[in-house]
Each structure stands twice: as C-alpha cells, then as structure tokens.
Amino acid sequence: MSGPNTSFDPKQVASLDATAVAAAVDSALAGIAAAGDLAALKEARLAHAGDRSPLALANREIGALPPAAKAEAGKRVGEARGRVAAALKERQEALELERDERVLVEESVDVTLPTDRRPLGARHPLTTVMERISDVFVAMGYEIVEGPEVEAEWINFDALNVPPDHPARTMQDTFWVQSNDSGVVLRTHTSPIQLRAMLERDLPIYVAAPGRVFRADDLDATHSPVFHQVEGLAVDRGITMGDLKGTLDHFAEAMFGDGIGTRMRPAYFPFTEPSAEVDLQCFVCRGSSVGDPDRPCRTCGSEGWIEWGGCGMVNPRVLRAAGIDPDEYRGFAFGMGVERTLMFRSGVTDMRDMVEGDARFTLAFGLEA
Ligand code: DAH
C-alpha cells in the first residue's frame with residue numbers, strides 16, 4: 001500500500017494555481033456582469049458555478065492533494081467560489097427587480113378604457129308591468145298621475161270617508177311617520193291620489209295612478225310591507241257602473257288576453273258606494289275547470305275566477321270632501337294590486353322574489369319594453 005504522495009507540489013496542478021483561480025474568477029465576474037437578463041444569467045451560472053465550471057473542477061482536485069497542501073488550495077478555491085456566488089446573487093436580485101419594474105409598466109391595465117362587455121341588466125318587471133298598465137289607460141285618454149308616498153292622514157283616510165274610529169282603519173295596518181298622532185302616514189293605498197286629483201284638477205277627470213304603498217305586514221310568500229297598486233278614477237257627468245264594468249273588462253283583456261273578462265261581487269269600501277270586489281276570469285282554464293273534477297285548475301282553484309282588486313262608484317261624501325257637487329258629477333274608481341297582476345301574468349309564485357332585488361330574477365324578464 002502506498003502512502004500519501006508527499007512530494008506532490010500543489011502548484012503543479014494547473015487548475016489550482018492562484019493565477020488560474022483568479023482568471024476563473026475574473027471571467028466569472030465579467031460573464032455575470034454581462035448577463036443582460038435572467039435567461040443570460042442562468043447560462044452564466046451554469047458556465048461559472050455549474051458542475052463543469054473551472055472552479056468546480058478545481059474544487060474536485062483538492063481531494064487528491066496531500067493534507068499539507070489541502071488547506072491553502074481549499075481556502076483559495078473556496079473564496080473564489082464564494083465571490084462568484086455572491087456576484088450571482090447580487091446580479092440575480094438586480095435583474096429580478098428590473099423585470100418586476102418592467103412588467104409593472106408593460107402589463108399595466110388601463111381600467112378606464114371603455115369595454116363592450118358590460119352586462120346590460122334588465123328593468124324590474126314591476127316597473128315594466130306598471131308601464132304596460134299605464135299604456136292601456138293612456139290609450140283610453142286617461143292621464144297618469146302620482147302622489148306622495150308620505151301622505152297626510154286626512155287624505156289617506158278621513159277625506160276618503162274613513163274616520164278615526166272607523167273599523168276600515170284596522171283593515172290597513174298603518175306605518176306612522178314619527179308617532180301615531182303625528183297626522184302623517186306612509187300611504188296604505190293609492191286611493192289618496194283620487195282625492196289629490198279631484199282637489200288639483202279641473203273636471204272632468206280621467207286619471208290612473210300606479211304607485212308604491214305600505215302596510216305593517218311581515219314579508220312572506222304572499223305579503224310584503226311594501227307593494228304596489230294602480231288606482232283608476234273617472235269623474236264626469238252621467239258616469240255609470242256600466243262605464244266602470246266596460247273599463248275593467250278592457251283593462252283585463254289588454255293585460256291578460258282576448259276574451260278575458262271581469263265580474264263584480266258586492267263588497268264594502270268606505271270611499272265607494274256601491275262597492276264591489278273585482279274578479280278576473282281565469283286566463284288558464286277560462287272557467288272550464290268549474291265542476292269538472294277530472295280537470296282541476298291550480299290557478300283559480302277550479303273557481304273560474306281570481307280576485308284582482310276593488311272598485312265602485314265614488315262615494316258622494318268623497319266628492320263633497322273634494323269640493324265636487326255630487327248632484328252634478330259622478331265618478332267611478334278602482335284599485336288593483338300590481339304584484340298580483342304580475343303574479344298572474346308571469347307565473348311568479350313568491351312575493352319575496354319581487355322585493356329581494358336578485359338580478360337573476362329580474363334578468364329572466366329581459367328588456368321587455
Ligand atoms: N284602496 C283599496 C285597498 O287598498 C282598493 C280599492 C277599492 C280602491 C275600491 C278603489 C276602490 O278605488 O274603489 O284595499
């Protein structure tokens with residue numbers, strides 16, 4: 001077995017020579033500095049610090065040196081590799097920073113640029129149906145009028161022949177503005193608009209008034225504290241209940257299709273005399289389900305008719321409250337639920353869908369004008 005080669009002179013291993021090591025470092029530092037981007041730096045790393053780089057090869061030679069020579073050569077090569085590694089790290093960081101800054105500029109997005117991808121949205125079907133109703137009445141020569149949602153108690157109730165102790169007041173659970181002796185309410189129906197029209201307009205009067213109304217109800221499938229009605233009012237000489245019936249039939253046909261009529265059932269409203277409940281002929285079975293247990297109708301419960309609203313001849317007391325002589329003029333009035341109308345027309349079964357404002361509900365109705 002031979003011992004260590006003590007006569008071996010490390011200076012004779014060319015790659016470990018101080019000049020060679022210094023040259024390898026110089027060439028590495030120059031190569032690293034010249035790398036203009038991260039891809040070039042990757043190549044420089046391979047060439048100057050990779051497994052086959054001059055300094056890695058030199059490092060491998062150290063193992064074969066005699067112990068006395070190992071320390072000096074090891075220190076020299078170690079320092080050289082350390083300098084190269086530090087230069088690589090520094091250049092890497094600089095180039096990454098440069099790239100990040102460039103990407104920020106090159107890939108910036110101008111959020112103010114116009115785009116054609118904006119969703120169009122849709123109008124709420126209640127708005128659309130109220131406009132459709134308005135069109136029907138405008139075509140008959142009516143004017144569309146509005147009134148305030150915050151209304152005087154006197155106009156919402158008293159002038160409509162609903163005095164404070166009248167049981168009809170409890171028919172409509174009222175939201176009071178401030179306290180319930182403030183004299184100010186959120187209107188519980190659109191009927192106060194009748195009175196405003198009579199106070200503000202010249203005779204004869206033909207007006208329709210769609211609008212939002214409020215009652216202290218909980219929200220469920222069939223109730224909402226906020227809903228809509230459409231009020232109709234005609235005041236003229238010689239108005240009869242026949243005019244009212246013809247108007248309602250035309251309204252029903254225009255909304256639900258040819259041949260769909262209405263019927264009146266005797267009822268009580270303080271502001272009309274006589275008063276009637278208005279039923280709509282069932283537009284699904286058109287009455288054919290009545291008395292036919294084999295063909296039940298879910299829309300009307302096989303009744304042939306569905307409740308739509310109230311109507312009547314304007315009570316002379318209301319005419320008088322508005323300063324109109326009931327011996328000279330007469331009027332008819334009616335009030336329908338708009339949500340009910342939409343439910344019938346479009347098969348909406350849950351009131352909550354109409355108030356929650358979920359675009360998925362509204363969008364299904366599209367942009368129907
Ligand atoms: N205002 C009534 C309600 O909200 C509906 C109504 C009934 C209106 C008869 C009228 C009418 O104009 O004549 O229940």
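1. Ser-302 is partly exposed, with a relative accessible area of 24% (buried is under 20%, exposed over 50%, partly exposed in between; 1.4 Å probe, protein chains only). Ser-302 is not a glycine, yet has a positive phi of about 60°. Its place is the loop between strand 7 and strand 8 (helices are DSSP runs of H or I with at least four residues, strands runs of E with at least two, numbered from the N terminus).

2. This is a predicted model, in which local features need pLDDT of at least 70 and side-chain atom pairs count only at pLDDT 80 or more, while totals for chains, interfaces and linings use all residues. Residues are numbered from 1 along each chain as its sequence is written, and side-chain values use heavy atoms, without hydrogens and water.

3. Gln-178, also not a glycine, has a positive phi of about 65°. Gln-178 sits in the loop between helix 7 and strand 3 (184-186) and counts as exposed, at 77% relative accessibility.

4. Two cis peptide bonds deserve a look. One runs from Leu-203 to Pro-204, with omega near -5°; Pro-204 lies in the loop between helix 8 (192-200) and strand 4. Another joins Glu-273 and Pro-274, with omega about -5°, and Pro-274 belongs to strand 7.

5. The largest pocket holds about 1,200 Å³ of space (a pocket is an open set of points on a 1 Å grid over the protein atoms alone, where a 1.4 Å probe fits, with protein on both sides within 12 Å along at least five of seven lines; lining residues have an atom within 4 Å of a point). Its lining has 46 residues, and closest to its centre are Phe-227, Gln-229, Trp-308, Gly-337 and Arg-340. Elements giving two or more lining residues include strand 5 (226-236), strand 9 (330-337) and helix 11 (338-346). Strand 8 gives the most, with 7 residues.

6. About 260 Å³ of space lies in the second largest pocket. Of its 15 lining residues, Met-130, Glu-149, Gly-211, Arg-212 and His-228 are the closest to its centre. Helix 5 (125-139), strand 4 (205-214) and strand 5 each supply at least two residues of this lining.

7. In helix 3 (residues 54-62), the buried residues are Leu-55, Ala-56, Ala-58 and Ile-62. Seen down the axis of helix 3, these residues fall within an arc of 160°, so they line one face of the helix (the arc is that of the directions from the helix axis to the C-beta atoms). Helix 1 (18-34) and helix 4 (67-106) are among what covers them (contact means heavy atoms within 4.5 Å).

Definitions and conventions
Grid points are joined across faces, edges and corners, and a volume is the space filled by probe spheres set on the points.
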